[in-house]
Amino acid sequence: MVDLVAAEEPSMDLPIIDLDIYRSNPLSSPEVQEESARAARALITYGALVLHDSRVSESDNEVFLDLLEDYFTQPDEALKRDERPELGYQVGVTLENTEKPKCAVDEPCLRVIERLAPSERPLDIGGHQPDPKCRFFWRMGDPAPYTTQFPGLNADNIIPEAPEIRERWTPVMETWGKSMKSAVSGLAEMAAVGMGLPAETFADAGKYGPHLLAPTASDLNKYGAKNTILAGFHTDLNFLTIHGRSRYPGLHVWARNTGRRIAVGIPRPGPGQGGSYLLVQAGKQLEHLTGGLVKAGYHEVVVNDATLGAVAARRRAFPDRPLVRISSTFFWHLGSDYDLAPIPALADQAKAVRAANFDLGRDEGDEVEYAAMKVGQQVQNELKHIALLV
């Protein structure tokens with residue numbers, strides 16, 4: 001296991017991990033071992049990293065963003081036909097002002113905010129107002145060869161009815177979703193190798209996970225004022241979240257060991273360089289399975305100066321296109337029926353990392369108990385916190 005705690009202050013730039021190194025060399029090669037160790041170290045230190053994958057097409061992301069902009073500019077009555085609240089909104093659309101940021105009332109999360117310097121804290125979410133964003137969940141999981149205990153988390157997809165949307169929908173969603181799924185599955189293998197586990201440890205646990213292509217949409221005509229909170233301070237409940245580039249900045253993340261807010265910018269491929277750069281964030285399932293060795297990454301989405309600059313540029317360049325901020329997001333899950341409990345070797349490492357951080361003056365708050373449960377139960381518990389399941 002690599003050295004996991006650096007005494008020096010981590011950089012404000014998220015590490016860039018090259019998936020091509022992992023894919024193109026033998027597992028035992030020094031190149032794969034070193035890059036996998038870097039991936040594990042990045043997740044432990046930052047809860048996030050930037051991933052390069054030469055197979056992922058920037059143009060596929062652009063087509064995806066166009067489709068979702070068109071979808072979310074439909075009238076509300078058309079969108080509401082795609083809602084499934086009885087399934088915890090785990091397929092189809094979730095309209096604005098439905099999902100609540102868990103941190104507004106969650107005591108451990110509020111204590112995380114209190115430990116931050118005032119200048120590094122997220123925008124105020126104390127009013128516990130629901131987020132003014134919409135979302136669509138498109139399931140990207142493989143059917144399990146057994147009967148799941150959690151059918152509501154594994155429901156069939158919803159295809160929009162409008163003909164001009166419907167004819168494009170499935171091919172575009174599947175093309176982009178498969179690219180994201182392949183990239184993040186590869187990173188899950190790298191993370192396992194970097195943590196001293198067999199490469200397939202996490203990938204096998206997620207083989208039949210209810211993975212979701214999960215774009216959000218924020219109407220910047222309605223919610224485009226500076227300092228508007230589009231997604232309040234929170235962590236993701238799944239295992240790993242991967243994002244393609246949004247057309248509008250505004251995502252902030254908090255690295256575990258810096259206590260500072262980092263404005264995320266996903267690089268563009270350089271001249272002659274193929275593929276795409278993608279942002280990956282650790283979620284609660286990864287935190288649970290590693291016994292806290294990796295912490296789920298806190299983040300928010302807000303309207304800031306960079307957002308406003310992108311809005312002005314987009315208006316000039318594409319005056320006839322909707323001003324809707326789409327997040328190109330994919331949630332990679334462990335299987336709903338998987339037994340979620342800390343891996344002992346990683347839980348021991350987590351205790352060592354916590355002690356080392358304490359010695360360096362880094363307060364990580366109260367120690368967390370990670371009780372054994374089914375993944376589906378963990379998901380249902382989290383959905384109740386954010387008002388998507390009653």
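Residues are numbered from 1 along each chain as its sequence is written, and side-chain values use heavy atoms, with hydrogens and water left out. Because the model is predicted, local features need pLDDT of at least 70 and side-chain atom pairs count only at pLDDT 80 or more, while totals for chains, interfaces and linings use all residues.

**Exercise 1. Salt bridges of helix 3**

Task: Find how many salt bridges the whole structure holds, then work out which parts of the chain the pair Glu58 and Arg245 ties together.

Solution: 
- Step 1. A salt bridge is a side-chain nitrogen of Lys or Arg within 4 Å of a carboxyl oxygen of Asp or Glu.
- Step 2. Search the whole structure. The search finds 23 salt bridges.
- Step 3. Take the pair. The side chains of Glu58 and Arg245 meet at 3.0 Å, N to O.
- Step 4. Glu58 lies in helix 3 (residues 58-72), and Arg245 lies in the loop between strand 8 (240-244) and strand 9 (251-254), so the pair ties together parts 187 residues apart in sequence. Helices (H or I, at least four residues) and strands (E, at least two) are DSSP runs, numbered from the N terminus.
- Step 5. Check exposure. Buried means under 20% relative accessible area, exposed over 50%, and partly exposed in between (1.4 Å probe, protein chains only). Glu58 has 22% relative accessibility and counts as partly exposed. Arg245 has 11% and counts as buried.

**Exercise 2. Glu69 and its partners**

Task: Is Glu69 buried or exposed? Which residues are linked with Glu69 in a network of salt bridges?

Solution: 
- Step 1. Read the accessibility. Glu69 is buried, with a relative accessible area of 1%.
- Step 2. Look at Arg314. This residue forms a salt bridge with Glu69, with the closest N and O atoms 3.9 Å apart. Arg314 sits in helix 9 (residues 305-317) and Glu69 in helix 3, 245 residues apart. Arg314 is buried too, at 12% relative accessible area.
- Step 3. Look at Arg321. Its closest N and O atoms with Glu69 are 2.9 Å apart, again a salt bridge. Arg321 is in the loop between helix 9 and strand 13 (324-332), so this pair joins parts 252 residues apart in sequence. Arg321 counts as partly exposed, at 26% relative accessibility.
- Step 4. Glu69 is linked by salt bridges in a network with Glu62, Asp66, Asp70, Arg168, Arg247, Arg314 and Arg321.
- Background. Side chains of opposite charge can pair when their charged atoms come close.

**Exercise 3. Nonpolar cores**

Task: Name the residues that touch the most other members of the largest nonpolar core, and list the contacts of Phe72.

Solution: 
- Step 1. A nonpolar core is a set of buried Ala, Val, Leu, Ile, Met, Phe, Trp, Tyr and Cys residues joined through side-chain atoms within 4.5 Å.
- Step 2. The largest core has 76 residues, and Phe72 and Phe202 touch the most other members.
- Step 3. Find the main contributor. Helix 6 (residues 163-194) gives the largest share of this core, 14 residues.
- Step 4. List the contacts (heavy atoms within 4.5 Å). Leaving aside neighbours within four places in sequence, Phe72 is in contact with Leu79, Val93, Cys134, Arg135, Phe136, Ala217 and Ile326.

**Exercise 4. Loop residues**

Task: Where are Tyr89 and Asn227, and what is the phi of each?

Solution: 
- Step 1. Tyr89 is in the loop between helix 4 (76-80) and strand 3 (92-94). Its phi is near 60°, a positive value in a residue other than glycine. Tyr89 is buried, at 12% relative accessible area.
- Step 2. Asn227 is in the loop between strand 6 (216-219) and strand 7 (229-234). Its phi is near 75°, also positive in a residue other than glycine. Asn227 counts as partly exposed, at 47% relative accessibility.
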